[in-house]
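Please keep the sequence and the coordinates in view while reading.

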Amino acid sequence: MTPVNAIIAKELRSYFVSPVVYVVGAVFLLIVGLLSYLYIVVAGQQAIQLMQMQGQAQINLNDLIFRNLFASVRFVLLIILPILTMRLFSEEMKLRTFEFLMTSPIGLNEIVSGKFMSVFLVFLGLLGLTGLIPLTVALFSDFDWFPILTGYLGLALLGALFLAVGVLASALTENQIVAAFVSFGLLLLLWLMAGLGSLLGDTTAGQIVSYLSFMEHYDHLVRGLIDTKDLVYFVSAIVLMLFLAHRVIDSTRWK
Amino acid sequence: MIDVQQVTKRYGQHTAIDRVTFSVAKGEVLAFLGPNGAGKTTTMRILTCFMPATEGRAGVAGFDCGDQPLEVKRRIGYLPETPPVYQELTVAEYLHFVGRLRGMPDDAVKAGIAREVERLGLGPVQHRLIGNLSRGYRQRVGLAQALLHDPPVLILDEPTVGLDPKQIIEIRELIKSLAGSHSVILSTHILPEATAVCQRVVIISGGRIVAEDTPTQLSARLRHSDKVALTVTRAPADAEARLREVPGVQHVFANGPAGSFLLECELGRDAREDVGRLAVMQGWGLVELKSISMTLEDVFLQLTRHEEGVAQPENGPEPAVAAPSTSTEHQV
C-alpha cells in the first residue's frame with residue numbers, strides 16, 4: 001500500500017467512525033429526496049393540467065424536474081460540504097498529530113491529495129446514492145438520460161471544487177468551526193461573482209468575473225453541454241485551491 | 001549520526017535557539033536538559049525537518065535536514081511532546097497506518113507491530129480505541145509509533161511524561177537497551193532521568209547550550225566547594241561562629257531544623273574530621289556528619305540560574321546547593 005493510499009484509507013476510516021458522515025449524509029439525502037419529491041409532484045400537477053386543457057400531455061421532465069433539482073442541489077452542497085472538509089487539517093493541528101504527519105517520510109503533495117481524495121470519495125458515495133432518484137423516475141416515465149449524466153458530471157466537479165476550497169480553509173486554522181465558516185464565505189463569494197459578472201454586463205471585466213464563478217460552467221453541464229472550457233475551469237480551480245492549501249501548510253513550518 | 005552545527009532559529013524578533021552545536025555518535029544516548037521554553041522542542045523540530053533552521057546546518061545520518069528531508073525523515077523515529085495518536089483508531093489500526101505511511105512492506109509492518117506491542121506491553125489494549133486509553137498507554141503507543149520502523153535515530157521529546165513510576169523505569173530500561181544500536185536524543189526536565197539513561201548531557205538554557213559532558217564530569221567540573229552536612233542535637237547559639245573557625249570551612253548556613261548546618265569547605269579539603277572533633281569535644285550531641293556531592297540537579301540549577309554557568313557561592317546568602325536533602329548523599 002502506498003503512503004497516499006494509507007492516508008486515504010485512514011481518512012475514510014476516520015470519517016466512518018465519526019457520526020459526522022452519517023448525519024451529513026442523512027440530511028443531504030433527506031433534503032435532496034424531499035426536493036425531488038416536490039419537483040415531481042409539481043411536474044405531475046402540470047401534466048394533469050395540460051391533460052385537461054389539451055387532452056394530452058407532452059412535458060419535458062428534464063426541464064421540469066432535473067434542471068431544478070440540479071440547481072437546488074448546488075445550494076445544498078454549499079452548506080454540507082464544508083462540514084465534511086473542516087476537520088481535515090484543523091483536527092490534525094488541534095490534536096497535535098500534524099507534526100507527526102509532517103515528519104513522516106511522505107511529501108506534502110501526497111498528504112494534501114490523499115486527504116482531498118478521501119473526502120471526495122465520501123462525497124461521490126453520497127452522490128451515488130442520489131442516483132436512485134432518476135432511476136426511480138425512469139421507472140414511470142421517459143426522459144433524456146444524457147443531460148442527467150452530464151449534470152452528475154457537473155455535480156461531481158462542483159463538489160470537488162467545493163471540497164478543494166474546504167481543504168484550503170481547513171489548512172488555514174486549527175479551529176474547525178472557523179474552517180467551515182471560511183469555506184462557506186469563499187464559496188458564497190464565488191457564487192456571487194456570477195451576479196457581479198452579469199451586473200457588469202458584456203464587458204471584458206464582466207466576462208472575466210463571470211468566468212471565475214462556477215455558476216455558468218455548472219449550468220452548461222446541467223444543460224447537457226460538455227465544453228472543454230468548463231472542464232478546464234473546474235480542473236484548474238481545483239488544482240489552484242489544493243496548491244494554495246499546500247502553500248499554506250508549508251508556510252506554517254516557517255512560522 | 002546526528003550533527004548540529006551553529007543552528008539558530010528565530011521566530012520574528014524572538015530567538016528560540018542561538019548557535020546550537022552538538023553531535024551524537026552512533027549508539028549514543030544524549031539527554032537534552034533544560035527548563036521549559038529553553039529551546040529543546042525547537043531543536044528537535046529542526047532535526048526532524050518539521051521546521052527549517054534560520055541559520056546553520058543540521059544533519060542526520062549524513063543527510064542534511066534542509067536539502068534531503070525525506071531521507072532524514074526515513075531514518076528518524078520521533079515522539080513529539082504530545083503523543084501523535086488518532087483517537088478514533090484502535091492501537092493496531094493506528095500502528096498499521098503508521099507503517100504504511102512510512103512505506104514499509106506489509107510483513108515488515110506486521111513484524112514491527114508484534115515486536116513493539118510485546119516490548120511496550122500493549123497486548124491487552126491492542127484492539128481498543130486509542131481515545132479510550134489512559135495517558136500512560138497513549139504515551140506508549142506514541143513510543144511504539146516512533147520505534148515501529150526500527151530507525152537508527154530516535155528523537156524523544158519527554159518520553160516519560162504521564163507514565164507511572166513503574167512504567168517510567170520500564171521505559172528507561174527500554175531506552176538503555178536501545179543504546180549501542182540506536183542513536184537517541186531525549187529531552188527531559190527530570191534530572192534523574194538524564195543521569196539514569198544517558199551517556200552524555202547537553203544542558204540548554206535560554207536557547208544556548210550552557211554545558212555538555214557526561215553527568216559525572218559535569219558535576220565535578222562545576223563544583224566550587226565541598227559541602228558537608230552536620231546535624232547536632234544541642235547546638236549552642238554560637239555554633240555557626242565556632243564552625244566557621246574550623247580550618248577549611250568557608251561558609252556555614254543553618255539548614256532546616258535547629259541543629260542542622262550546611263558547611264561549604266575549600267575544594268579538596270575534607271573538613272569532616274575537624275568538624276566532627278569540634279562537635280564531639282564540645283558535647284553538642286553529634287548525630288550526623290556527611291559530605292554531599294553535587295548532583296546533576298545542582299549543576300542544572302547553577303547553570304540555568306546564572307547565564308555564565310559559573311555561579312560563585314560567595315555571591316549571595318543563598319547557598320548554591322538548593323536542596324541538599326534531595327542530593328545524592330554519601331554517608332561517612
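Leaving aside neighbours within four places in sequence, Ala164(A) is in contact with Phe116(A), Ile238(A), Met241(A) and Leu242(A); contact here requires C-beta atoms, placed from the backbone, to lie within 7 Å. The model is predicted, so that local features need pLDDT of at least 70 and side-chain atom pairs count only at pLDDT 80 or more, while totals for chains, interfaces and linings use all residues. Residues are numbered from 1 along each chain as its sequence is written, and chains are lettered from A and ligands numbered from 1 in the order in which they are written.

Ala164(A) is among the residues with the most contacts inside the largest nonpolar core, which has 144 residues; the others are Leu161(A), Leu163(A), Val167(A), Leu30(B), Tyr94(B) and Ile155(B). Such a core is a set of buried Ala, Val, Leu, Ile, Met, Phe, Trp, Tyr and Cys residues joined through C-beta atoms within 7 Å, where buried denotes 20 or more other C-beta atoms within 10 Å of a residue's own, the C-beta atoms being placed from the backbone. H8(A) gives the most to this core, with 14 residues. Helices are DSSP runs of H or I with at least four residues, and strands are runs of E with at least two, both numbered from the N terminus.

Helix H9 (residues 176-200) of chain A has 25 residues and should span 36 Å, which agrees with the 36 Å between its end C-alpha atoms; the expected span is 1.5 Å times one less than the number of residues. Among the buried residues of H9(A) are Gln176(A), Val182(A), Leu187(A) and Gly197(A). The buried residues of this helix pack against several helices of chain A, including H3 (61-85), H8 (145-172) and H10 (204-212). Just after H9(A), Gly201(A) takes a positive phi of about 75°.

In chain B, an open sheet of four strands has the order S2-S1-S4-S5, with antiparallel pairing; strands pair if DSSP finds at least two bridges between them. Strands S2 (14-24) and S5 (63-64) of chain B stand at the edges, each with a single partner strand, so one side of each lacks a neighbour in the sheet. Strand S4 (residues 55-60) of chain B pairs with S5(B) over two bridges in the antiparallel sense, and Gly59(B) stands opposite Asp64(B) in S5(B).

The contact between the chains takes 20 residues from chain A and 21 residues from chain B. H3(B) gives the most to the side of chain B that touches chain A, with four residues.

Conventions
Contact = placed C-beta atoms within 7 Å. Buried ≥ 20, exposed ≤ 12 C-beta atoms within 10 Å, placed from the backbone.
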